[in-house]
Amino acid sequence: MATALENANLLSRAILTTQKLRISVSKTFNHMKDGIKVSQDEHGAPKSFASQLQEDLFLINESFIELEKLTMAVRRQREAETIGNTGALSMDPVTDKTPLYPKALETYKWATRLREHSAHSQAFLNNSSIKRSSGSGGSPAKRRKTAPTNLNISTQAVDNLVMNVNRQFHDVKITKIQLNPTVLQVYVSRTLQAIIVLRGLLIERVLIRAHHENTLNDDGTLDLWTASKYEVFQKITEHATAASLRYYLPTMQDLSFRSFMHWLNSFSKLFSTPCRLCGKYIKDNLPPTWRCFRTVEPYHECCRP
Amino acid sequence: MGVTCVTQWPVTENRTVPQAVEVLTKRLDALGASKSGNFGVDCETYQSVPTNVPLKYIHVMHNKEQPYTCYAVTDNRTCLVCENSFEAIMHRLNGFYVPKKTARIESKGTRYEMGDFIIKIGIVSLGPHARGVLVEVEYTPCVIIQDCWPLMVEFMQGFMGAQYTPNTHPMLANKQEVPFNAEDTVFQYLEQFENFVKRGSSTATVR
């Protein structure tokens, strides 16, 4: 420990000396660059540039020698003393061949830094987390408990729900077109079709297309990505995605799905119901594509309350 | 394809046909419609040879939207949808059906797009003479006319004038709620063309 303290003292002095050295070097260069003012020394003789330079160089030399002395004085410290039992590793006499201990120290430092970094980022992310559902409002411990259960929904439960919704809404025809992950195809009257990807019972993605548009790609695979070619259905896809987030209830997934279907069902008379506010069918070449989330009344996008 | 409505745009006394078209195109430009090429629908009528009584007609029609298809429509509105080479068969049937003279009527013009709507403004010409203007409006996302008829009427009033009311669509009265298809558009054109031909012959007799 004594050597460590001593070394620390020496190092701090060495730092000071380095600073001094730097100052004198930069002063010398400044004098060389700018020249010196003609001043008089104590005997009245004018100070020449050469003598000034000599003086500066002397100062540099002095601090340099001091620094050298200090570096010589710093004794090589045995790193083993800092970290407990791992020190035994450094006892290996052939450290050059097996640099185990320095590597271990490096790793230790790296791990410490990583931990610090993640702690900082966690604190930062916690401050700016997105709260868009009632579920995430609670304590973090509670959230952690409920989250994994969300996905453990049996296919039977999905089938039951689909059957119930089919029975509840006459204009809606739901068919399951893919098992894992569950993809539902929903025909709403003769107006539109929706492709719904489920995760558990939660809606993961909604895509609205015209009733007569294709669901499959040319090679027979399911097309989950191509947007509808019609502006009206592109717009409704946007609104449907918003609605799926609006009705997102991780604690009551059943209700969440039902409310979404209720909202979607309101599009069965998309082309034949005028806007509730302006009483017109068309605005910006689109029918009323927006539905109130509570009353499911039709509005144009720019007419919504 | 979606639901279409073909209707006539009246050419008033003090205007020529191109001027009437210009009025409409100016309005569409102002509403922000974009041009998307040309279109054309033509109809050629074949008449059964006089030895066959009563006279029968076959209308062979083409729509540029379906360039490889040919529609052969009989008097009782039976439609045969076939390839373009059907005309060669009609020539072979020379002994039974002959082309009616001066009976080629067509509607040609510019195609506009406005959101999901497609508007086609065509000048109808019977032989070398321009006879009038036909406007076709198509609403592409919907295939059931009963669902979107009020919406289409509102749209058409939007650029043809609020006082304008299109005739009740024949499909609204006649058919059940079945999806719209290309033949229905062709039928509408044929009906309008027949009106022009009738009117043309009546004015000719008056003169």
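User: How many aromatic pairs does the structure hold over all chains?
Analyst: This is a predicted model. Rings of Phe, Tyr and Trp pair if their centres lie within 6.5 Å. Over all chains, the count of aromatic pairs is 13.

User: Are the rings of A:Phe271 and B:Tyr139 stacked or edge-to-face?
Analyst: Ring pairs are described by the distance of the centres and the angle of the planes. The centres of A:Phe271 and B:Tyr139 are 5.4 Å apart. Planes over 60 degrees apart count as edge-to-face. Here the planes stand at 85°, so the pair is edge-to-face.

User: Where in chain B does the partner of A:Phe271 sit?
Analyst: The pair crosses between chains. A:Phe271 is in the loop between H7 and S5 of chain A. Both A:Phe271 and B:Tyr139 are buried. B:Tyr139 belongs to strand S9 (residues 129-139).

User: Which residues form one aromatic cluster with A:Phe271 and B:Tyr139?
Analyst: The cluster draws on chain A and chain B. From chain A come A:Tyr230 and A:Phe233, along with A:Phe271. Chain B gives B:Tyr139 together with B:Phe117, B:Phe155 and B:Phe159.

User: What area is buried between chain B and chain A?
Analyst: The contact takes 17 residues from chain B and 15 residues from chain A. Carbon and sulfur atoms give 55% of the buried area. The total is about 1,600 Å².

User: Which side chains meet in a salt bridge between chain B and chain A?
Analyst: The rule finds 1 salt bridge across this interface. A nitrogen of Lys or Arg must lie within 4 Å of a carboxyl oxygen of Asp or Glu. At 3.0 Å, N to O, the pair is B:Asp147 and A:Arg190.

User: Which helix gives the most to the side of chain B that touches chain A?
Analyst: Between the two chains, 5 residue pairs are in polar contact. On the side of chain B, one helix gives the most, with 6 residues. That is H3 (residues 145-160).

User: Is A:Asp284 buried or exposed?
Analyst: A:Asp284 lies in the loop between H7 and S5 of chain A. Its phi is positive, about 50°, although it is not a glycine. Exposed means over 50% relative accessible area. A:Asp284 has 59%, so it is exposed.

User: Is A:Asn285 buried or exposed?
Analyst: A:Asn285 is in the loop between H7 and S5 as well. Its phi is also positive, near 65°. The cut-off for buried is under 20%. With 17%, A:Asn285 is buried.

Definitions and conventions. Residues are numbered from 1 along each chain as its sequence is written. Chains are lettered from A and ligands numbered from 1 in the order in which they are written. This is a predicted model: local features need pLDDT of at least 70, side-chain atom pairs count only at pLDDT 80 or more; totals for chains, interfaces and linings use all residues. Side-chain values use heavy atoms; hydrogens and water are left out. Rings of Phe, Tyr and Trp (its six-membered ring) pair if their centres lie within 6.5 Å; planes under 30 degrees apart count as stacked, over 60 as edge-to-face and the rest as tilted. Helices (H or I, at least four residues) and strands (E, at least two) are DSSP runs, numbered from the N terminus. Buried means under 20% relative accessible area, exposed over 50%, partly exposed in between (1.4 Å probe, protein chains only). Contact means heavy atoms within 4.5 Å. Buried area is the accessible area (1.4 Å probe) that two parts lose on being put together, summed over both. A polar contact is a pair of N or O atoms within 3.5 Å; within protein, one must be able to donate a hydrogen and the other to accept it, and residues adjacent in sequence count only if both atoms are side-chain atoms.
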